[in-house]
Amino acid sequence: MRVCVIGTGYVGLVTGASLAHIGHHVICVDNNEEKVKLMKAGQSPIYEPGLSEIMQSASQSGHLEFTTDLGAGVGHGEILFIAVGTPALANGESDTRYVEAVARGIGAHLDGGYKVIVNKSTVPIGSGDWVRMIVLDGVLERRKSLVGAGGVATEELTLETTPQFDVVSNPEFLREGSAVYDTFNPDRIVLGSTNPKAIAMMQELYAPIVERQVAEDKSLPPVPVVVTDINSAEMIKYAANAFLATKISFINEVANICDRVGADVTQVSKGIGLDSRIGNKFLQAGIGWGGSCFPKDVSALIHTADDYGYDAQLMKAAVSVNQRQRVIAIEKLQQALKILKGKTVGLLGLTFKPDTDDMRDAPALNLIEQLNRLGAKVKAYDPIVSSTGMRHGLTGVMVETDPERLADGCDALVLVTDWQQFQTLDYSKMSKLMNNPVMIDGRNFLNRKELESAGFQYIGVGR
């Protein structure tokens, strides 16, 4: 099928490259010329395992193209994905101006045959009709400009003259760090529309994935496809992320009680996770959740509830617990070192989770800010940030090039991001380089006995 993906962030680029990989002809559109030039050269602008490989193979086969020309993309695609960012505003509401600009641009170039316009961006509930309205506004503006230029056109849209299209909600459930895997091995695919023609085209698009043709385990039954109305599809996305965020906040609250009563939250998590009604995923206590999805999606759902006169108390509590959890590492540092002023603290990891270069709403940013406020010197080592030279606008922290340089002269280390390689560092060597070998394991990720035998005072969360 002919596909256009507008926006090449995490969602858009992974979606476009993956659809091209399974044989569709995809044009990805982005208004950033330098970014498009980079992608045309076969380089991914983001770090995501497996993405560069499928980008390059799909480009070489001619299935994947990149352009800044929105008109060319709209003209090419029978299915048009809107995959631009919807960052949170200060009040928690989603910023939809990029979606609006793309929808208007699609309308300005819409001509000819039937199109399916897919909301892949996480948009406020009820955005389907809104996007349709904006697209039609774009169609009208184009026709008005043709009239002004002396062309033959009418300013009114009739059933006969309106371009034929439908808007479908197709939320993404990708985890940064495993987005390519998640695309080919999804738990479910959600399609929101009341038009059977649009649903049929989306089912044809996803057929190779649904039928497990590109799955890691091809023997599994077909991927469940949830076909529903647009509003319910949009709510599914928000509800899923709100539930997962709440689950993490729950186990973090349990961890804080464990610290006070002498229980070990890792054992508690194991014990309750074996209950099939609960499950063991997202029960890892630590210093809180961050990234681009959980914070903005939970805030957006709270804001939507407020708009409709409902006080979403449980979700507000999940956010509150998470904000408090960010400073747990500071409290533990103060308990171990007492005064932090004049002390040097090293952070192991900066990104909000492993296997990504994403620093959006990362707990490390809060730690840096608080440690600076308390007069500590802050150093950090991160496998991606340190090796690529990317600093993400970081201030108040010295980014070191290797773990030993990080440990040198530190009074304590804080494990912030659970990168796999952090389990095999030479902690015996690192402890000898430190003024005071204290390890705050902010993810309960390291082996306590190994750290203690290496000379560290080990302090976990809820342990």
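**Close-up views of a predicted model**

**View 1. Lining of the second largest pocket.** The lining of the second largest pocket comprises 20 nonpolar, 15 polar and eleven charged residues. The model shown in this and the following views is predicted. The space within the second largest pocket amounts to about 1,100 Å³. Of the 46 residues that line the second largest pocket, A83, V84, G85, T86 and R360 lie nearest its centre. At least two lining residues come from each of three helices, α1 (10-21), α5 (97-109) and α11 (294-307). Helix α1 gives the most to this lining, contributing four residues.

**View 2. The largest cavity and the residues around it.** When the whole structure is searched, one cavity of 30 Å³ or more is found. The largest cavity holds about 60 Å³ of space. Its lining consists of N119, K120, S121, T122, V123, S169, P171, E172, E234, K237 and Y238. By class, these lining residues are three nonpolar, four polar and four charged. Helix α9 (residues 230-261) provides the largest share of the lining, namely three residues.

View 3. Strand β6 (residues 165-169) is mostly covered, and five of its five residues are buried. In a regular strand, side chains alternate between the two faces of the sheet. In β6, F165, V167 and S169 point one way, whereas D166 and V168 point the other way. Residues pointing in either direction from β6 are buried. Strand β5 (residues 115-119) runs parallel to β6, and five bridges join the two strands. Within this pairing, I117 has V167 of β6 as its bridge partner.

View 4. The disulfide count for the model is zero. C28 takes part in no disulfide, and the nearest cysteine sulfur to it, that of C4, is 7.9 Å away. For a disulfide, the two cysteine sulfur atoms would have to lie within 2.5 Å. C28 counts as buried because its relative accessibility is 1%, where the cut-off for a buried residue is under 20%. C410 likewise counts as buried, because its relative accessibility is 0%.

Technical notes:
Residues are numbered from 1 along each chain as its sequence is written. This is a predicted model: local features need pLDDT of at least 70, side-chain atom pairs count only at pLDDT 80 or more; totals for chains, interfaces and linings use all residues. Side-chain values use heavy atoms; hydrogens and water are left out. Buried means under 20% relative accessible area, exposed over 50%, partly exposed in between (1.4 Å probe, protein chains only). Two strands pair if DSSP finds at least two bridges between them. On a 1 Å grid over the protein atoms alone, a cavity is a set of points where a 1.4 Å probe fits but cannot get out, and a pocket is an open set with protein on both sides within 12 Å along at least five of seven lines; lining residues have an atom within 4 Å of a point. Grid points are joined across faces, edges and corners, and a volume is the space filled by probe spheres set on the points. Ala, Val, Leu, Ile, Met, Phe, Trp, Tyr, Cys and Pro count as nonpolar, Asp, Glu, Lys and Arg as charged, and the others, Gly among them, as polar.
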